[in-house]
Amino acid sequence: HAFVSQTSSAADPTSSITFGVTGMASSFYHQLCEELSSQDEQVFENVVGGLATELMKQLKNCESLDSTATITIGGTAGNNTALSTTITSSPLGLVSALQAMCSHKKAALAITQLPDFLLPPPESPVANELVRPPMPAGADLIRMLAGGENRPYKKRSGVALEKNTLLGLVLRISTPKTNPAFSPTNILRQSLSSVEQTSNQQRQQLRIYQGACNQLVMSFVKAGPQARQKVMQWLVDCMLVNPGATAMRPDTSKVSSSAMLL
């Protein structure tokens, strides 16, 4: 709750648990990480990994920058009464929460050790296993297969890179594929200034999100040689599993989307 609600762009930075009066090391979050890791390193890694996994789960439900993620946090009161809190966030809020988590180097390292941070190695038996996405209720099977959606894909592929790894889930988010402002029926009725204003708004929205992504990647890079090596391996895998991404008609069951590659 503290990460998602206090790392949004509208939140007061001084109220964030990662804010320190004399620097990051004096923040509540930094002190908490130091205390927990000193008492039990395994518990610390489990807590950080659990939170990162929950944020990844929410990112999987986001298709564009305009998507909304609803997080329900459960718990119990002293009298065993069930309690729950619902938080609404955006992809930018989720990435900002991840970046705030990674402001502590041990937390960033723990996240890079998660099984879902990298693709399986090319020589592993798991690499060639197929993932068969569930078919949404009421979906047009023929149209979905023709468009490349929900087709089976290998666990080591460009599709798996953006659907199953943390950085892939973060970087695949982009502007909406369909925008009412640019529909064929509306665009001819709009003035040039109106179209330019809408385009500039989308560019600014994408620029802010890409800035948050860059900060997240840099947090991993600065977390130490082990975390940095994991990020470099992810980038190498990205190039190895996307050799056909620049084709005129790329196979969408093998390569990552243009939004993630951009």
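**View 1. A nonpolar patch on the surface of a predicted model.** Val236, Met239 and Leu240 make up a nonpolar surface patch in this predicted model. Together, the three residues have about 310 Å² of accessible area. Find Val236 in helix 11, which covers residues 225-240. The relative accessible area of Val236 is 37%. Partly exposed residues fall between the buried limit, under 20%, and the exposed limit, over 50%. Val236 therefore counts as partly exposed.

**View 2. His104, a buried residue in a loop.** Look between helix 4 (91-101) and helix 5 (105-112): His104 sits in the loop that lies there. Is His104 buried or exposed? The relative accessibility of His104 is 3%, so this residue counts as buried; the cut-off for buried is under 20%. Now look at the contacts. Setting aside neighbours within four places in sequence, His104 touches Tyr29, His30, Cys33 and Glu34.

**View 3. The largest pocket and its centre.** The largest pocket holds about 1200 Å³ of space. Its lining is made of 33 residues. Which of them are the closest to the centre? They are Glu63, Glu162, Lys163, Arg172 and Lys177.

**View 4. Helices in the lining of the largest pocket.** Helix 7 (158-164) and helix 12 (258-261) both take part in this lining. Each of these helices supplies at least two residues. Which helix gives the most to the lining? Helix 7 does, with four residues.

Technical notes. Residues numbered from 1 in each chain as written. Predicted model: local features only at pLDDT ≥ 70, side-chain atom pairs only at ≥ 80, totals over all residues. Heavy atoms only, no water. Patch = residues over 30% accessible without salt bridge, like charges linked within 9 Å, V, L, I, M, F, W, Y side chains within 5 Å. Areas by Shrake-Rupley, 256 points an atom, 1.4 Å probe, with all protein chains shown as cover. Salt bridge = Lys/Arg side-chain N within 4 Å of Asp/Glu carboxyl O. Buried < 20%, exposed > 50% of the residue type's maximum accessible area, 1.4 Å probe, protein only. Contact = heavy atoms within 4.5 Å. 1 Å grid on protein atoms, 1.4 Å probe; cavity = no way out; pocket = protein on both sides within 12 Å on 5 of 7 lines; lining within 4 Å. Points joined across faces, edges and corners; volume = space filled by probe spheres on them.
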